[in-house]
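Here is a model to go through in questions and answers. Each answer sets a value against the definition of a term and concludes from it.

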Amino acid sequence: MTQGVSVRVNLLFAASLVALQPLLASCSTGEKTASNTNNGDGASTAGASQSAECLAGERPFFGDTHLHTSASPDAGMFGNKLDRDTAYEFALGKKVTSSIGEDVQLRRPHDFIVVADHAESIGLQQAIDRSDEGLIGDEFGKRLHDLVKDGKGVEAASEFIRGVALGTSKKLPKGFSENEWGANLDSAEAYNKPGEFTALIGFEWTSQPGGGNLHRVVILRDGKDRAEQVTPFSAYDSEDVEDLWTFMDGYENKTGGRALAIPHNGNLSSGTMFLPRHQETNQPIDADYARRRQKREPLFEITQIKGHSEAHPLLSPNDEFADFWLLDNSNLGAFKAPTKEMMKYEYVRPGLRRGLELQDQLDGVNPFKFGVIGATDSHTSLVTTDENAFFGKAFTSEPSKDRWKKHLLKSATDKSLDMYNYQIGSSGLAGVWASENTREGLFDAMERKEVFGTTGTLLSVQMYGGFDFDGTELSANNWAKAACLKGVPMGGDLTQAPDGKAPTFQIKARRDPDGANLDRIQIVKGWLKADGTTDEKIYNVTWSDPDKRTLADDGSIPPVGNTVDETEATYKNNIGAASLSGSWTDPDFDPTQRSFYYVRVLEIPTPTWLAFDRKRFDNFAEMPKDLPYSHQERAFSSPVWYNPS
């Protein structure tokens, strides 16, 4: 993509996800770079372009930790015809045919995926296809079977989803699911190619009591030899997350392997994701709970198709970028509308703040100390996050002229709680800073939180924090090594600030090599005040065109501009910068206050999948004018935490 050329991708559904070279090469001719240093005092100076980064033996690997195939009941019964082998082949870059008959192929392969089919009745559609005796011998199973056979798969899937929320689906037999788990492991072993492509083994535990989403994706570090010693723990076994952690403890003790869990969609949790109470007893959590949660859940899914979970305008009114693909009119069961009080326990930023508040009460342990990633939660077997080649959440949201207005989830009680496809975003991807593309390398990086999430582009971000940076690190040939020698990477901890020093953060970001230029780098800070409450502030660290856009006294900067033609679904890359780097020192630092810092990187405005659909299907007359036809994609680093002691 060259500077100043209008961008319009040929929509033959050759998905334009690009394999990850973003930090391994210098910018091509004509691309703009920018480097600012903003110490928070209103001064900002432009520096020279940075040389190509050398990553101290590491690089970012991109993939999806949350993919469903036809073996998931709410994928197969909805109409997904693609099995896990097809999912792997697509991720590896092969052309496949989607469930609606469209040929689709990635330009370049993904680095890794996790086939995370639901543990609850995994293989249900396959059991229906063969009229499994155990299934049709169960009253609820036979009803689902007959609905699908009568061509009412969507109705059957919706009833199954409600059944998980209400407990009725627990009656289904387990035999066919155990067989399906074995087949899952066989496929993962066949497609795992250490150093080239990683098939991480995992499953989804789908607890959603009353429709409140408490789902977790469980990922194993191990291969089939260990994974086959257990069967996935499901919500049929228990809906209490502490029982899931006990299962993970048991798995590790039995096999010598390792496991972690990633919660997702706090925005649909009915205010239960970050509650400081035990799920089952409703009693206040204790230090043991905090230790277990911190160990078992080192990551959180900050963005995915079913909505963005970073922040909400009602909770962060001073954040001009908080209103981004919010799916906030219902919970996952479409049973209940959230209130502002509930939302405080649903979103990532308030969750991180609550962790600071609870730490003193819990023997110094922060229960909500997690890194962040993006993922899709696609139920199409296809990881397609580019706006111009988005295959939706499920079979019913794969490309069609009217998919925008189809139901994502229909409420059985209140139409205002219905969810529609136009509310979903083409998101997201996980970026993992690892030394090698293997199960062990990726898992270890996830466990230490050296990860970031994007809303679907291959935008890369790397951050280090420390007290001893001297300003030369960003220009060093091996800048990551230079920074790491004096500080900690994202996911790390800083303690006991030296007298008179405030933490400094060194940050580099590079655009998706086939994507949009960058607007700005921001740092989001949260801190614990003397009265035991928390606060937050967003700082602009570095931005494109610093000679034209200057920092105001209130810390704001003018918008980057907007080249999007929403009618034609095009934009121009003649604004913004191909890469940004900056050094930022906290101007409001109080060494006695516990705090966290994470990076948010924004791209320039680009068209959304709705704009591409409207253009492709010539659907200007029907599609409403007020749908989001452009937006600013973004990436989020995992935090760095500061503790006074």
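Q: Why is R448 called partly exposed?
A: R448 has a relative accessible area of 36%. Buried means under 20%, exposed means over 50%, and partly exposed is what lies in between, with a 1.4 Å probe and protein chains only. The value of 36% falls in between, so R448 counts as partly exposed.

Q: What kind of model is this, and how are its residues numbered?
A: It is a predicted model, in which local features need pLDDT of at least 70 and side-chain atom pairs count only at pLDDT 80 or more, while totals for chains, interfaces and linings use all residues. Residues are numbered from 1 along each chain as its sequence is written, and side-chain values use heavy atoms, with hydrogens and water left out.

Q: What makes the contact between R448 and E450 a salt bridge?
A: The closest N and O atoms of R448 and E450 are 2.8 Å apart. A salt bridge is a side-chain nitrogen of Lys or Arg within 4 Å of a carboxyl oxygen of Asp or Glu, so the pair qualifies. E450 has a relative accessible area of 7% and is therefore buried.

Q: Are E536 and R353 buried or exposed?
A: E536 is buried, because its relative accessible area is 17%. R353, at 16% relative accessibility, counts as buried as well.

Q: Why can such side chains pair at all?
A: Side chains of opposite charge can pair when their charged atoms come close.

Q: How many salt bridges does the rule give, and what makes D186 and K224 one of them?
A: The count comes to 42 salt bridges. For D186 and K224 the closest N and O atoms are 2.5 Å apart, so this pair meets the rule. The pair links distant parts of the chain, with D186 in helix 7 (residues 175-191) and K224 in helix 8 (residues 224-227), 38 residues apart.

Q: Why are D186 and K224 called partly exposed?
A: D186 has 41% relative accessibility and therefore counts as partly exposed. K224 has 27%, so K224 counts as partly exposed too.

Q: What makes E242 a residue without a salt bridge?
A: The nearest side chain of opposite charge, R292, is 4.4 Å away. Lys and Arg count as positive and Asp and Glu as negative, while His and the chain ends are not counted. E242 lies in helix 9 (residues 241-255) and is buried. E242 touches H278, Q279, Y289 and R292, not counting residues up to four places away in sequence. Contact means heavy atoms within 4.5 Å.

Q: How do you know that V164 is buried, and which residues does V164 touch?
A: V164 has 8% relative accessibility, so V164 counts as buried. V164 lies in helix 6 (residues 153-166). The residues touched by V164 are S169, T206, Q208 and E239, leaving aside residues up to four places away in sequence.

Q: Why is E341 called partly exposed?
A: The relative accessible area of E341 is 46%, so E341 is partly exposed. E341 lies in helix 11 (residues 340-343).

Q: Where is D565, and why is D565 called partly exposed?
A: D565 is in the loop between strand 23 and strand 24 (571-572). At 32% relative accessibility, D565 therefore counts as partly exposed.

Q: How many helices and strands are there, and why is the chain called as compact as a globular protein of its length?
A: The protein chain has 15 helices and 30 strands. Its radius of gyration is 23 Å, close to the 26 Å that the globule rule gives for 645 residues, so the chain is as compact as a globular protein of that length. The radius is taken over C-alpha atoms, and the rule is 2.2 Å times the number of residues to the power 0.38.

Q: What share of the residues counts as buried?
A: Of the 645 residues, 64% count as buried.

Methods:
Helix = DSSP H or I, 4+ residues; strand = E, 2+ residues; numbered from the N terminus.
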